[in-house]
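Please keep the sequence and the structure in view while reading.

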Amino acid sequence: MAVLRVERAITRRQLADALGVHYQTVGYLERGEYSPSLHLALRIAEYFEVPVEVIFSTTPFPRIGSTPPPPA
């Protein structure tokens, strides 16, 4: 979510206002400290015009800047 937000030059506050949540909620979501309700997750995906799976997954995403393991 943070990558999409930064790529589109949207502040946390702007995203929070568009979603009707507190700006700190956006920070909690981006840091993985909070899991959104299904309704909020769908609204976030709709806002960014991407499938919800692009933003949220049941398995952790690799950290930005981390290198993938070498092929076996």
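**Basis of the model**

The model is predicted, so local features need pLDDT of at least 70 and side-chain atom pairs count only at pLDDT 80 or more, while totals for chains, interfaces and linings use all residues. Residues are numbered from 1 along each chain as its sequence is written, and side-chain values use heavy atoms, with hydrogens and water left out.

**Overall fold**

The protein contains five helices and zero strands, in the order α-α-α-α-α along the sequence. Helices here are DSSP runs of H or I with at least four residues, strands are runs of E with at least two, and both are numbered from the N terminus. Of the 72 residues, 26% count as buried; buried means under 20% relative accessible area, exposed over 50%, and partly exposed in between, with a 1.4 Å probe and protein chains only. Among contacts (heavy atoms within 4.5 Å) between residues at least 6 apart in sequence, 38% join residues at least 24 apart.

**Helices H2 and H3**

The axes of H2 (residues 12-19) and H3 (residues 23-30) come within 8 Å and cross at roughly 110°. Axes are lines fitted to C-alpha atoms, for helices over the stretch in contact, and angles run from 0 to 180 degrees between N-to-C directions. H2 and H3 are therefore roughly perpendicular to each other, a term that covers 65 to 115 degrees; under 35 is roughly parallel, over 145 roughly antiparallel, and the rest oblique. Arg12, Arg13, Leu15 and Ala16 of H2 meet Tyr23, Val26, Gly27 and Glu30 of H3. These residues divide into four nonpolar, one polar and three charged, where Ala, Val, Leu, Ile, Met, Phe, Trp, Tyr, Cys and Pro count as nonpolar, Asp, Glu, Lys and Arg as charged, and the others, Gly among them, as polar.

In H3, the buried residues are Thr25, Val26, Gly27, Leu29 and Glu30, and they pack against H1 (2-7), H2 and H4. Gly32 follows H3 and has a positive phi, near 75°.

**The nonpolar core**

A nonpolar core is a set of buried Ala, Val, Leu, Ile, Met, Phe, Trp, Tyr and Cys residues joined through side-chain atoms within 4.5 Å. The largest has 14 residues, and Met1, Leu15, Ile44, Phe48 and Ile55 have the most contacts inside it. H2, H3 and H4 (38-48) each supply at least two residues of this core, with the largest share, four residues, coming from H4.

**Individual residues**

Glu30, in H3, touches Met1, Ala2, Arg5 and Arg12, not counting residues up to four places away in sequence. The side chains of Glu30 and Arg5 are joined by a polar contact of 2.6 Å. Such a contact is a pair of N or O atoms within 3.5 Å; within protein, one must be able to donate a hydrogen and the other to accept it, and residues adjacent in sequence count only if both atoms are side-chain atoms.

Val21 lies in the loop between H2 and H3 and, at 22% relative accessibility, counts as partly exposed. Neighbours within four places aside, Val21 is in contact with Ala16, Val26, Leu40 and Arg43.

Gln14, in H2, is partly exposed with a relative accessible area of 43%. A polar atom of the Gln14 side chain lies 2.8 Å from the backbone nitrogen of Thr11.

Two C-alpha separations are listed below.

| Residue pair | Separation in sequence | C-alpha distance |
|---|---|---|
| Val21 and Leu40 | 19 residues | 9.2 Å |
| Gln14 and Val26 | 12 residues | 9.9 Å |
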